[in-house]
Amino acid sequence: MGSIDFSPEFGCDLWEKEYADLYAANKADVRASLRNAIDNFEKRLYNVTVSFGLASDHAPHVLGIKVKVSGNYLDGKDEKKFEASYNLG
């Protein structure tokens with residue numbers, strides 16, 4: 001089995017913020033940061049949207065913010081829909 005190359009540039013600037021900063025973060029800035037990371041590191045996705053909601057899991061480590069990423073990708077010649085949700089925190 002091979003290994004995966006490490007890139008120190010991978011990710012987005014949200015990881016540089018303190019959790020408290022995420023409460024006060026401008027949603028447009030968060031959305032732009034995530035879209036920028038997707039554009040730079042996930043070339044297969046296009047027509048990407050980033051939206052926000054309330055996390056259903058209110059465990060102590062979850063800030064209560066859910067980020068939903070949607071987009072399209074090609075599987076051979078077929079266009080398919082990608083959709084995933086992530087809890088911040």
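**Charged pairs and core**

Modeller: Arg44 is exposed, at a relative accessible area of 63%. Keep in mind that this is a predicted model.

Biologist: Which side chain does Arg44 meet in a salt bridge?

Modeller: Arg44 pairs with Glu42, at 2.6 Å from N to O. Glu42 counts as partly exposed, with 22% relative accessibility.

Biologist: How many salt bridges does the structure hold?

Modeller: There are 3. Another one joins the side chains of Glu83 and Lys68, with an N to O distance of 3.7 Å. That pair links distant parts of the chain, since Glu83 sits in strand E3 (residues 78-88) and Lys68 in strand E2, 15 residues apart.

Biologist: Is Lys68 buried, partly exposed or exposed?

Modeller: Lys68 is partly exposed, its relative accessible area being 30%.

Biologist: And what about Lys80, which side chain does it meet in a salt bridge?

Modeller: Lys80 meets Asp75 at 3.0 Å, N to O. Lys80 is partly exposed at 34%, and Asp75 is also partly exposed at 40% relative accessibility.

Biologist: Switching to the inside. Which residues make up the largest nonpolar core?

Modeller: That core has 9 residues: Val30, Leu34, Ile38, Leu45, Val48, Val50, Val67, Val69 and Leu88. Helix H2 (27-41), strand E1 (46-54) and strand E2 (65-75) each give two or more residues to it. H2 has the largest share, with 3 residues.

Biologist: OK, take Ile38. Where is it found, and what does it touch?

Modeller: Ile38 is in helix H2. Setting aside residues up to four places away in sequence, Ile38 touches Lys43, Leu45, Val48 and Val69. The C-alpha atoms of Ile38 and Val48 are 8.3 Å apart, while the two residues are 10 apart in sequence.

Biologist: Why does Ile38 count as buried?

Modeller: Because its relative accessible area is 13%, and buried means under 20%.

Biologist: What does Val50 touch?

Modeller: Val50 touches Arg31, Leu34, Arg35, Val67, Lys68 and Val69, again leaving out residues up to four places away in sequence. Lys68 in that list is the salt-bridge partner of Glu83.

Biologist: Back to H2. What span should its 15 residues have?

Modeller: At 1.5 Å a residue, H2 should span 21 Å, and its end C-alpha atoms are 21 Å apart, so the two values agree.

Biologist: Which residues of H2 are buried?

Modeller: Val30, Ser33, Leu34, Ala37 and Ile38. Viewed down the axis of H2, these buried residues fall within an arc of 130 degrees, so they line one face of the helix.

Biologist: What covers the buried residues of H2?

Modeller: The cover includes E1 and E2.

Biologist: One more. Is Asn72 buried or exposed?

Modeller: Asn72 is buried, with a relative accessible area of 12%. Its place is in strand E2.

Biologist: And which residues is Asn72 in contact with?

Modeller: Apart from neighbours within four places in sequence, Asn72 contacts Arg44, Leu45, Tyr46, Asn47, Glu79, Lys80 and Lys81. Among them, Leu45 belongs to the largest nonpolar core, Arg44 is the salt-bridge partner of Glu42, and Lys80 is the partner of Asp75.

Technical notes:
Residues numbered from 1 in each chain as written. Predicted model: local features only at pLDDT ≥ 70, side-chain atom pairs only at ≥ 80, totals over all residues. Heavy atoms only, no water. Core = buried A, V, L, I, M, F, W, Y, C linked by side-chain atoms within 4.5 Å. Buried < 20%, exposed > 50% of the residue type's maximum accessible area, 1.4 Å probe, protein only. Helix = DSSP H or I, 4+ residues; strand = E, 2+ residues; numbered from the N terminus. Contact = heavy atoms within 4.5 Å. Salt bridge = Lys/Arg side-chain N within 4 Å of Asp/Glu carboxyl O. Expected span 1.5 Å × (residues − 1). Arc of directions from axis to C-beta.
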